[in-house]
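Subject: Structure handover

Hello,

Here is the structure I promised to pass on. Please open it first; my notes follow below.

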Amino acid sequence: MVSTPYQILKGTRDFLPSQYIIRKKVVASIQQTFEEFGFEPMDTPALEYAETLEEKYGEEGARLIYKFTDRGGRDVALRYDLTVPLARAMAMYQVEKPFRRYQISPVWRADKPQKGRFREFWQCDADIVGSAETWADAEVIGLTHSALRKLGFKDFSIRVNNRKLLNGIALYGGIEKEQMASFFRSVDKSEKIGWEGVKSELFSKHFQTSAVEKTISMITEKGPGDDILEKLRQTLASIPIAVEAIAELEEIRRCLGSMGIEQNIHFDVSLARGLDYYTGPIFETVIEKPRIGSISGGGRFDDLIGTFSGDNIPATGTSLGLERIITIMEELDMLPANAAVSEVLVAVFDRSLVDLSFRVVSELRSAGIRSEIYLKEDRLKKQLNYANNKRIPLVVILGPDECQKGEAVLKDMRSGTQMSVSREELIRKVTQMLGEMVAPD
RNA sequence: GUGGGUGUAGCUCAGCUGGUUAGAGCACUGGGUUGUGGCCCCAGAGGCCGAGGGUUCAAGUCCCUUCACUCACCCCA
């Protein structure tokens, strides 16, 4: 036999049932929260015209777009995120606004994989289209908060800032428009490399010493118990866009206060976010303990839809990174225990009694009980071992004795106890026992 | 795109300065149990030591090349 080489592309993964069952539970939890907030499901194609995606993410992002030519000579690209395709769709169709939708789908980036980073990964997006109010931003932040809480996260921090505030600060420091993105990208690293590190990076990028000192000292200046926003409002009083930004942030804070979720929210002037299309409030979630970048990121993108239709429609949204969430949950031992899909295994005593087993497994299935019949002629020992390894909680054994008496042996794999039940009673008994085994998760 | 680490049994790994038949734990198979799993005991199977080339009397071990994986940077979910 000739073996052919087989492997999967770097940064992609196969999901075997043991992982995928858990993964689906995490997705189901997030989806449930999204729907609890009234967001409705939507999907778009994985493949778009390259033109649709290009020049939406900035220089860095553009390099990472998977792009190729199809058989018809068209330039196509795999979606890089779920936000730009949403914007394209919103430009194409009329929907009732304010519109809230969610989408849980894979996206592709030609990145170099590392911990919590893949080339094919899933994003869980929730967006609101058609509301320019900060309420919408607050709603999305609140949603992020709820989704994480439902998954069991407690120690997380949702950092919130406003692009307009950053613009105001840059204006105040006399930084050129073209250099702003680069400037704030450095500022964004303060938590990682410290403010001195940021400064030296900015100097090496040839920013004016005066501009750097002026802006950084303002951002970092905090007295004990001071309110950052209040302080900035005074300093930046002469910059209208900054004043506006601060008012927005305070409104968001009020809304979040009404939702009673202020404890995990932190206003952070150093937060910048890399994507080009953000125009207003921006936010991301970081977890301190196992540190692997952000697990959610989002913000307002009021001009993005307009790049397609010419008609700007305000929009805001967030994206939860499924694999990062799962990676952290794994490290923190927060994942639900893996359980079998089958609730009952119907053993096959031997070849001559397979018909009986098929009859019983059919009855169980008709009663809505997830059941499988063992599909080889193996010794009972082997079949029970199979149930044990797969964590199937109940086994039904139908041997010659049971066949004769019209009974079945019902075995509880957790306790090891078993009993004989008449065939008529079997379904009722199985249902009852499954009901008693309330899954801990 | 830049830099570091690692490739030995299905999985996790050991293998000292190159030296004869390459090891462990878990998993697997058979037996101890005649219709019964988990624990225990006994036995067994399973490796071109990632691939290619080189140095040497001798290479899992040293050198070169290549592929793969992984971590960090950039950027990001």
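I started with the surface near RNA strand B. Its residues divide into 20 charged, 14 polar and ten nonpolar. Keep in mind that this is a predicted model.

There are 44 residues around RNA strand B, and R109, R117, R273, G274 and D401 come nearest.

- K10: a polar side-chain atom lies 3.1 Å from a phosphate oxygen of RNA strand B.
- R273: a polar side-chain atom lies 2.3 Å from a phosphate oxygen of RNA strand B.
- R414: a backbone N or O atom lies 2.9 Å from a base nitrogen of RNA strand B.

Several elements give two or more residues to this surface: β6 (120-129), β10 (294-300), α13 (322-331), α15 (380-390) and α16 (400-405). Of these, α15 gives the most, with seven residues.

Next, strand β15 (residues 407-412). Five of its six residues are buried, so the strand is largely enclosed by the rest of the structure. Buried here means under 20% relative accessible area.

What does β15 pair with? Strand β14 (residues 394-397) runs antiparallel to β15, joined by four bridges. I397 has V409 in β15 as its bridge partner. Strand β16 (residues 418-422) is also antiparallel to β15, with five bridges. There, K411 stands opposite Q418.

β15 and β16 form a hairpin with five residues between them. In the turn, G416 has a positive phi of about 90 degrees.

Best wishes

Methods
Residues numbered from 1 in each chain as written. Chains lettered and ligands numbered in written order. Predicted model: local features only at pLDDT ≥ 70, side-chain atom pairs only at ≥ 80, totals over all residues. Heavy atoms only, no water. Buried < 20%, exposed > 50% of the residue type's maximum accessible area, 1.4 Å probe, protein only. Pairing = 2+ DSSP bridges. Near = heavy atom within 4 Å. Polar contact = N/O pair within 3.5 Å; in protein donor to acceptor, adjacent residues only side chain to side chain. Nonpolar A, V, L, I, M, F, W, Y, C, P; charged D, E, K, R; others polar.
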